[in-house]
Amino acid sequence: MALATWWYEDGQPELDLLEGMTVVTPTDDDILASLAQLPIEEVARRRELGHRPYLASIRGEPAAYGWVATRTCDIGELDLAFQLPAGNRYLWDFATLPQFRGRGVYPCLLAEIIRRESPPATRLWIIHAPENLPSAAGINRAGFTPVAELSFDEFSNTALAPATDTDRADVAADLLN
């Protein structure tokens, strides 16, 4: 898994929303449950844990969604659970609906989340599967910087290998315990 981050000193993204695009933090759990094919109880549980949903629409039609963790994270694929220090956010469970893929919706949604979450957030984190090239491109286009690769060591423990910025990789290692 590839880990990327955006820090407040990186500056706000210059990527604007697409024509006809709006982004909201929906209060209707039914639409989130339907789009993500989740039980309504799961959507409610996420909210109770302090996760905030974002929904992008194009001309009123839902196009993409994602979640921002504000207090705790649980990354099941890596068997990682950790607390988020004040000023940190973890972005997760994003999807662009098939009919809107390839139009740049995802990076625009990420850039808008950066603008809305910071301040008070000063560091945002996101993980993607390395083989998911469209996700990687969208994350980079939104202003995130690759920090590290996450995998498992010979003892099946989560391991972190720095990418280019070892200072940020050290912060990531502390964040992920």
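Lys and Arg count here as positive and Asp and Glu as negative, while His and the chain ends are not counted. Each charge is placed at NZ of Lys, CZ of Arg, CG of Asp or CD of Glu. On that basis, the mean positions of the 14 positive and 26 negative charges of the protein lie 7 Å apart.

A word on the source: this is a predicted model, in which local features need pLDDT of at least 70 and side-chain atom pairs count only at pLDDT 80 or more, whereas totals for chains, interfaces and linings use all residues. Residues are numbered from 1 along each chain as its sequence is written, and side-chain values use heavy atoms, with hydrogens and water left out.

**The overall fold**

You will find five helices and 10 strands in the protein; these are DSSP runs numbered from the N terminus, with helices (H or I) of at least four residues and strands (E) of at least two. The radius of gyration is 16 Å, close to the 16 Å that the globule rule gives for 177 residues, so the protein is as compact as a globular protein of that length. That radius is taken over C-alpha atoms, and the rule is 2.2 Å times the number of residues to the power 0.38. The C-alpha trace spans about 45 × 35 × 30 Å along its principal axes.

Of the 177 residues, 48% are buried (under 20% relative accessible area; exposed is over 50% and partly exposed in between, with a 1.4 Å probe and protein chains only). Taking contacts as heavy atoms within 4.5 Å, residues 24 or more positions apart supply 63% of those with a separation of 6 or more.

Helix H3 covers residues 105-117 and reaches 18 Å from its first C-alpha to its last, close to the 18 Å expected at 1.5 Å a residue; the expected span is 1.5 Å times one less than the number of residues. Since 11 of its 13 residues are buried, H3 is largely enclosed by the rest of the structure. Among the buried ones are Tyr 106, Leu 109 and Ile 113.

Pro 119 lies in the loop between H3 and strand E8 (123-128), and Pro 120 is also placed in the loop between H3 and E8. Both peptide bonds below deserve a look in your viewer.

| Cis peptide bond | Omega |
|---|---|
| Ser 118 to Pro 119 | about -20° |
| Pro 119 to Pro 120 | near 15° |

**Positive phi values**

Most residues other than glycine have a negative phi, and most peptide bonds are trans. Gln 37 has a positive phi near 55°; this residue sits in the loop between helix H1 (29-36) and helix H2 (40-48) and is exposed at 73% relative accessibility. Asp 93, in strand E7 (residues 88-96), has a positive phi near 50° and is partly exposed at 28%.
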